[in-house]
Amino acid sequence: MPIATEIHAIPGPLVDSSADLLALPVRSTEDGPVVVTAGTGPEADALDARLPAPLAELVAHYGLKGKPGEKADFPADLGRGLVQLSFLGVGSGTPADLRKAGASFARLAKGRTRAATTVGFLDDGRAEDGLTAFIEGALLGGYQFTMRSSAKPPEPVPAIELVAEHPERMPVQRGTALANATALARDLTNTPSSRKDPEWLVSRAGAIAGEAGLDISVWNERELERDGFGAILGVGGGSVRPPRLVRLDYTPEGPESGHVVLIGKGITFDTGGLSLKPNDNMKLMKTDMSGSAVVLGVLSALGALGTRTRVTGLLALAENAFSGSAQRPSDVVTTYGGRTVEVLNTDAEGRLVLADAMDYAAAELKPDALVDVATLTGAAKVALGTGTGALFSTDDALAAALTEAAEASGEPLWRMPLVEEYRDTLDSTVADLANIGTRSKDYGSPGATDAAMFLREFTAGLPWAHLDIAGPGRSTSDEGLLTKGGTGFATRSLLRWLAG
Ligand code: BES
Ligand code: MN
Ligand code: ZN
């Protein structure tokens, strides 16, 4: 669901707020925990006068250290009847700590009507990045997706007040744009595949393009055939719901700084095709379009964030179904660029649809950088778990910039090598390439690398990065910023990289 919480920046003091939850940040410092009130003097005095004990004593009473996300709450009467007063650990005030604190605050605020905090009075020179992160946490920690017939309490708080000395300096718009883009990616990912077929994603992309001022063009199955997208057609051929390719263009106002193409894997459901998945693996596969969801989320927010780079998004959309018209292991498809690929495993479908889109990007768009995002391999999840995405790149500067943006966004990426020695694993006996590592076992079955090496063949030497988000694209628990289901992982990183 779109985020239901609004953020307002207001001047202090906190005691004047009509909120029913008031959170006081607690920093951890070398001298112990320190409560952040709206300035020093009067606010602290006013609070102390109405609390059962002075702030410092209360902090000691609850044994608080100021660890990020730590919380303790108790009722207090600040002159308008009882409200919930809460301490909220913000660690040393780094963006990562504040993001965690924001999420903790959102969870604390569930079921309330209005929640206020003096986090805007934290000032250590990193205020803007830290407060942006806090807002991301506060909005995404309250994110929910539900198809229940009636709401299940507690619901996200409708309004959050950031009490600040200079409310106009609060990065409300930036934090909100980053969180909304992520929530959009999550919503698309969490939508069940009974509703979400390629055409449904096309209509969502159309609506988003309209709102965000993007140009959009769409290939239906006949147009894909006409233009030679044999790999997308091969993957989508098993479904009664035909494949699509979507191109979205963001053109900044004023001078441009470069052109980036983002490509998203958009498998609206991955049964594995005739190389059928067991049910335990298959039931998670409505999320196999996460890459496309992330690309759409990013495109939706570029304008709001004032991005100066020209960005084209390509969504390679298909349902990998099991049927009499599905492609067979051993079939050969021809990609947009004319290369032939032997499909030895129909469950390695992501790299096929991406190959067609990458061929198109390289031939028709010739961008300065090509970045694809995909829930591509179970092997990436085995290697790095659910907390970190795998990054493969042919360009050190691009890899470094993405890693930095990912770090700043709390969406860590770890660079993995493209091992030249393994190149012959892509050899096919009948076609230019095979879609799985034919000698993978000789090299210890490096599944994520096999897939990345395959994709590299379609980059035409352009600076390229590949984000395998099979692990972090989905969460199995409600924790911190994450809620069960799609995470929109990499949306905020790509936005930070593109928008600065
Ligand atoms: N969509 C899957 C990868 C995946 C696995 C994503 C787990 C999220 C969680 C992909 O299409 C796939 O099936 N990959 C195969 C490749 C193999 C057949 C070479 C895999 O990883 O097993
Ligand atoms: Mn698959
Ligand atoms: Zn897949």
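User: Before we start, what are the ground rules here?

Analyst: Happy to set them out: in this predicted model local features need pLDDT of at least 70 and side-chain atom pairs count only at pLDDT 80 or more, while totals for chains, interfaces and linings use all residues. Residues are numbered from 1 along each chain as written, chains are lettered from A and ligands numbered from 1 in written order, and side-chain values use heavy atoms, without hydrogens and water.

User: What makes the site of the zinc ion (ligand 3) octahedral?

Analyst: Six donors count as octahedral if opposite donors are over 155 degrees apart and all others between 65 and 115. The zinc ion (ligand 3) has six donor atoms with angles of 78 to 174 degrees, and its site is classed as octahedral. Lys265 (NZ), Asp270 (OD), Asp288 (OD) and Glu349 (OE) coordinate this zinc ion at 2.0 to 2.4 Å; donors are N, O and S atoms within 2.8 Å of the metal (3.2 Å for Na, K and Ca), and water is not among the atoms, so sites may look incomplete.

User: What links the two metals?

Analyst: Asp270 bridges the manganese ion (ligand 2) and the zinc ion (ligand 3), which lie 3.1 Å apart.

User: How do you know that Lys277 makes a polar contact with ligand 1?

Analyst: A polar contact is a pair of N or O atoms within 3.5 Å. A polar side-chain atom of Lys277 is 2.8 Å from an oxygen atom of ligand 1, so the pair qualifies. For Asp270 the distance to a ligand 1 oxygen is 2.9 Å, and for Glu349 it is 2.9 Å.

User: Which residues are closest to ligand 1?

Analyst: Of the 15 residues that surround ligand 1, the closest are Lys277, Asp288, Asp347, Glu349 and Gly378; the cut-off is a heavy atom within 4 Å.

Key
Polar contact = N/O pair within 3.5 Å; in protein donor to acceptor, adjacent residues only side chain to side chain. Tetrahedral: all angles 85-135°; square planar, octahedral: opposite > 155°, others 65-115°.
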